[in-house]
Each structure stands twice: as structure tokens, then as C-alpha cells.
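Here is a friendly walk through some charged contacts and strand pairing. Have the sequence and the model open as you read.

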Amino acid sequence: MMSEQDFFRNALSDFTFEAASGGAIRHLADLGYTVKQISEKLTYPTPYERVRGAVWQQLLDTKVVLTQEPGSGNGHRKAEYTIEHDKYGRTSFRLAQVGGEDKEVIHWKERTYRREIDGNPAEYLAGLSDRNGCENAYLSCDFGLWSRSDTEKFRTAMQTLNERQREYITGLPWENRVCYHRLDQRMREIAVKLYETGQYQGTCFLLKTAERIRIE
């Protein structure tokens, strides 16, 4: 269990990091910069792993990435430190969890993508994203599982991608589970490139139209 001294030290470190780099990292992450690009742009020296963690946290907080299945009712809770002062003017930090529950559980209409019926995969995914809105469309990602349990598959997949796509995927600390990324243009291009080379199977979740589409 963390001692009070360790807790305070960690909280102070987080507070210093937030003041120096946190806002800049979140802003650049929102603009779509990769972890490598953000690290190169920071004026305050910040460890690469700290940048990775901050970018990942921002993607979770803004729901660009989900670690629970979309529409399952299980949302992401954000950890925040708050500053408190007692009557003697002493400063302390308190850890709080904010956010949490997702929207109601969705009862899905399920189907499977068929090229001969649905057409070109790039155009098909773009259409799904347009109809639902990017914030309501997610694609399952196994990168965290591959990087730990099937390193050869992960290495081959990364070689398939172009430099910028590879930089985005390898820069994130994917958790050891299936994650779900918004179906934005970058993720559509990554998924299509992997699919066209037989390296992607997954599921597309469309929250607005309540569709769950298997891609295999």
C-alpha cells in the first residue's frame, strides 16, 4: 500500500508534469499528432513513456479509444488530483474518480461485411462513419494482444503500414485486451490496409444505428 509520503511525492510529480507539459500534450493529441511528434515538439524535457501515458489517457478521456465494448454500459472513469488547503494553509492532494457510466446498453442488429455485396472496404467504412458520425462509430483493435502474445503477427502488421500509421500504433501503450478506436480517417486507412493483406478481422460498432458489423 502506498505510504502518505509516496502518495504526496507522486501527486506533486503529477502536478508538476501537468503544469509543464500536460496541457500541451492533450492539445496536440486532440489534433492527431503521434506520440513521437508530440515528444519532439515539447519544450519542457518529458520522458517518452510519460508522454505515451498522457496521450493514451487523453484518448480514453475523450473516448477516442474505449477499453470496454461500445454500448456495454461500462464507461471509463478518469482519475484526477484536486488540491486542498486546511485551516493552517497546508496543501494536500486528493485523488478522485470522475465520469463513469456509458450510455444505456445497446441491443445490436448484427451482420457481416461482404465485399461482393457491400463493395470496396474503404468506401464502406467511410460510409458507416459518415452516417453515424465519427464519435458514434468504433472499430475493434487487437494491437495490445498481438504485441504481447503474437509478436510475429504484430511485427508483420506493422511492416504492412506506412511510416506514419506505424508510428501512431506503436506509439500508444495498448492494453492487453481488445480495445475500440473511433472509426476516424486514420483508423479506417489502417484497418483497410491490414484487411486487404489478410491481417485484420474485427468488429465495427455503430452506436447511432445500433449495428454491429463483423469484418472477416
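## A salt bridge within a helix

Lysine 36 has a relative accessibility of 40%, so this residue counts as partly exposed (buried means under 20% relative accessible area, exposed over 50%, and partly exposed in between, with a 1.4 Å probe and protein chains only). Its partner in a salt bridge is glutamate 40, and their closest N and O atoms lie 2.8 Å apart. Here a salt bridge is a side-chain nitrogen of Lys or Arg within 4 Å of a carboxyl oxygen of Asp or Glu. Glutamate 40 is exposed, at 55% relative accessible area.

Helices (H or I, at least four residues) and strands (E, at least two) are DSSP runs, numbered from the N terminus.

## About the model

This is a predicted model, in which local features need pLDDT of at least 70 and side-chain atom pairs count only at pLDDT 80 or more, while totals for chains, interfaces and linings use all residues. Residues are numbered from 1 along each chain as its sequence is written, and side-chain values use heavy atoms, leaving out hydrogens and water.

## Salt bridges elsewhere

By the salt-bridge rule, the count comes to ten. One of them joins glutamate 69 to arginine 212, with the closest N and O atoms 2.8 Å apart. This pair links distant parts of the chain, 143 residues apart: glutamate 69 sits in the loop between strand 1 (65-66) and strand 2 (77-85), and arginine 212 in strand 8 (residues 211-215). Glutamate 69 is partly exposed at 29% relative accessibility, whereas arginine 212 is buried at 19%.

Arginine 214 and glutamate 216 also form a salt bridge through their side chains, at 3.4 Å from N to O. Arginine 214 is partly exposed, with 31% relative accessible area, and glutamate 216 is partly exposed too, at 43%.

Six strands form an open sheet with mixed pairing, in the order 1-6-5-7-8-4. Two strands pair if DSSP finds at least two bridges between them. At the edges are strand 1 and strand 4 (109-112), each of which pairs on one side only.

Strand 1 pairs with strand 6 (residues 179-182) in the antiparallel sense, over two bridges. Valine 65 has histidine 181, in strand 6, as its bridge partner.
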